[in-house]
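User: I would like to go through some labels on this model and hear what each one rests on. Please set the values against the cut-offs.

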Amino acid sequence: MNQYQKLVIVTVASVLLFSCNKKEDTFTDPLITNRDTLVNPGDNFFLYANGGWFKKNPIPSSERSNGIFRTIGDTINSQIKQICEKSAADSDVTKGSIKQKIGDFYASGMDSTAIDKAGLTPLSAEMKIIDAVRDIPTLMKTIAHLHTIGASPAFSFYLGQDDKISTKYALFFGQGGLGMGNRDYYFNTDAHTATIRKEYVNHLQAMMKLMGNDEASSIKNANTVMKLETDLAKSSRKLEALRDPIKNYNKMSVAQFNKITPNIAWNTVLQTLGTATADTVIVGQPEFYKALNNVIKSYTIEDWKIYLKWDLVNSYASYLSSDVEKQNFKFYSTVMGGVTQQKPRWKRVVEQTDGSLGELIGQVYVAEYLPKGSKEKLLEIGNNIRDVYALHIKNLDWMSAVTKEKALHKLSKIVMKVGYPDKWKDMRTLTIDRKSYCSNVMKANAWGYNYMIDKFGKPVDRTEWSMNPQTYNAYYNPSNNEIVVPACNIMVPGFEGRMPDDAILYGIIGGSTFGHEITHGFDDQGSQYDENGNLNNWWTAEDLKKFQEKTKLIVSQFNKYTILKDKHVNGDATQGENIADLGGVVMGYEAFKKTDQYKKSQKISGLSPEKRYFLAYGYAWMVNINDDALATQLMTDVHAPAQFRINGPLSNMPEFYKAFNIKKGSPMYQPNLSRVVIW
């Protein structure tokens, strides 16, 4: 969900925490059937562990990838569909109730006839506001207004905890406004990126026509948007440069902000954003705003209107008429993601209903679908991981006693939020009806913005969750020094109606989830925050130097990985996730060693505990992705491709070498001195 998240993703009846009466002889162990035994584990453990499943389950034409995420995601979607359909069919619901809002939102999304008939009219009021722009002050006021309804022109803005004063909320301004998202799409010269850039201009032209422009105007307007975005991209930082929390923390007074951008009256912008009383802001990339200051004047007001209308339509294209939706899909999913067929409409609407009303759906999900005991089991595993983490820190040979004490203190203060929140967000002020799908999405976006901005000037609520229990995901928030693991992380495909063995629990839930997220508190970014969530150096100079030398090793290791013939993993951009993966799999294994299964060397399906653990870790990242989506991931994602999230950390573990008899000369073999050991 942000740079601190780990996205991972059945049956909710699927992973009960108790064994059912399912006969043992009917059980098919996925760790056995997922394998491709024609692959040597020392050559490519990712394919050895998962290749059999990939052969039997090709990537659907409607998806970028297939694997454990998709399997669990489909199950969760099916459950949410039941919630949506039951709510929509209930004619006796109370207006303003949870089920009324869920049912009407879903019904409005499924009414494709009404959506097509409406065309672009759901955006008419916003288009009139853009048409009324007459000068730079009204331009900036309109840009700010569009941010309050879910669009994001010109820059990025949000309210969050101050990195250096975690008890207070602050206003953050960052780079943004790019239709292709990442600045490298505008400049890289390789054939793949050049093709995307060309297709983006074609997409802009097609969208301009759908917005009512004639052929000549469509070409002209598309070129205007492309040129304006390219100018914004020129002063945007690269993905890896956004990882430094110190360099991206530039607090200044509003007067100072106005001084470096004299063409922009930030007081007016802040008033429209709902933060008129703000006296300071945190500017992530000052050079971007200095460039924006010039771009504001170098383009005409009419040029800016074209750009703002494009950004608005682009923000809501998925909820508009089929011609707009399909054109949006063609570029962002087919050209950039290699997906040739849209998902069924019900699935798209279910996912959006969950995206907009996830807090409401979560309440129904917990009450009707969540296995009993999920929260308790997750917490048990999490605490066991934390215990072995403490032992590891105490035994580190590269860290001084002074820094160890502070690291252990931070570890002990990590808050574990698991399962679901103790209190839910109050969404009573959000009104939903069946009149317009796009309008419902816009109202939900506006509610979300107002919920965020209403925190301004108030004490930080550290009990708040930023994920829903039905979201198979987890994250570490450095400002709260907390990890959040939603309830559905208890799911393990293939273990429906039975308790997974400890190798599975600690390989997937322990290693790739709890161990991973705790390590984020000690990765290249998280390690810069103290136990209270403040950006504050708690290291001795010598220990920090040793730590940074170790992180350089993991950057170097991942920089060497190539994929798609000649593309490299970005070791700098992915280092935080790579550190977390390594820490996670190590801590998961250490915690697993304390279980009876490990101590008694119990074999299951003919597999030793050690082999089951590492195969389970491989199962956690069983993801097959198409080439176009993979190329996009390399440019835009701080997570390395799945195969390296398995092969990378495992190639540093001597226990893995022993379990699978990995010998010198094998592709995954690394000499002892080259193996990365951090935590």
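User: Why is Asn481 called buried?

Analyst: Asn481 has a relative accessible area of 0%. Buried means under 20% relative accessible area, exposed means over 50%, and partly exposed lies in between (1.4 Å probe, protein chains only). Asn481 therefore counts as buried. This is a predicted model in which local features need pLDDT of at least 70 and side-chain atom pairs count only at pLDDT 80 or more, while totals for chains, interfaces and linings use all residues. Residues are numbered from 1 along each chain as its sequence is written, and side-chain values use heavy atoms, with hydrogens and water left out.

User: Where is Asn481, and what is its phi?

Analyst: Asn481 is in the loop between strand 8 (473–477) and strand 9 (482–486). Helices (H or I, at least four residues) and strands (E, at least two) are DSSP runs, numbered from the N terminus. Phi of Asn481 is positive, about 45°, although the residue is not a glycine. Ser601 is another non-glycine residue with positive phi, near 50°, and belongs to the loop between helix 22 (596–599) and helix 23 (609–620).

User: What makes Ser601 buried, partly exposed or exposed?

Analyst: The relative accessibility of Ser601 is 48%, so Ser601 is partly exposed.

User: How do you know how confident the predictor is?

Analyst: By pLDDT, the predictor's confidence in each residue, from 0 to 100. The protein chain averages 94, and 96% of the residues score at least 70. Over residues 1–24 the value is below 50, yet this stretch has 96 contacts in the model beyond near neighbours in sequence. Contact means heavy atoms within 4.5 Å. Where pLDDT is low, the predicted coordinates should not be read in detail.

User: What makes Gln100 a buried residue, and what does its side chain reach?

Analyst: Gln100 lies in helix 4 and has 7% relative accessibility, so Gln100 counts as buried. The side chain of Gln100 comes to 2.8 Å from the backbone oxygen of Ile432. Contacts of Gln100 beyond four places in sequence are Val93, Thr94, Lys95 and Ile432.

User: Why is the pair of Phe46 and Phe54 given the name it has?

Analyst: Rings of Phe, Tyr and Trp (its six-membered ring) pair if their centres lie within 6.5 Å; planes under 30 degrees apart count as stacked, over 60 as edge-to-face and the rest as tilted. The centres of Phe46 and Phe54 are 5.5 Å apart with 45° between the planes, and the pair is tilted. Both Phe46 and Phe54 are buried. The whole structure has 51 aromatic pairs.

User: What puts the charge of Arg675 over a ring?

Analyst: The test is NZ of Lys or CZ of Arg within 6 Å of the ring centre and within 35 degrees of the ring normal. The charged end of Arg675 is 3.9 Å from the ring centre of Tyr657 and sits over that ring. Lys410 likewise lies over the face of Phe522, 5.4 Å from the ring centre.

Methods
A polar contact is a pair of N or O atoms within 3.5 Å; within protein, one must be able to donate a hydrogen and the other to accept it, and residues adjacent in sequence count only if both atoms are side-chain atoms.
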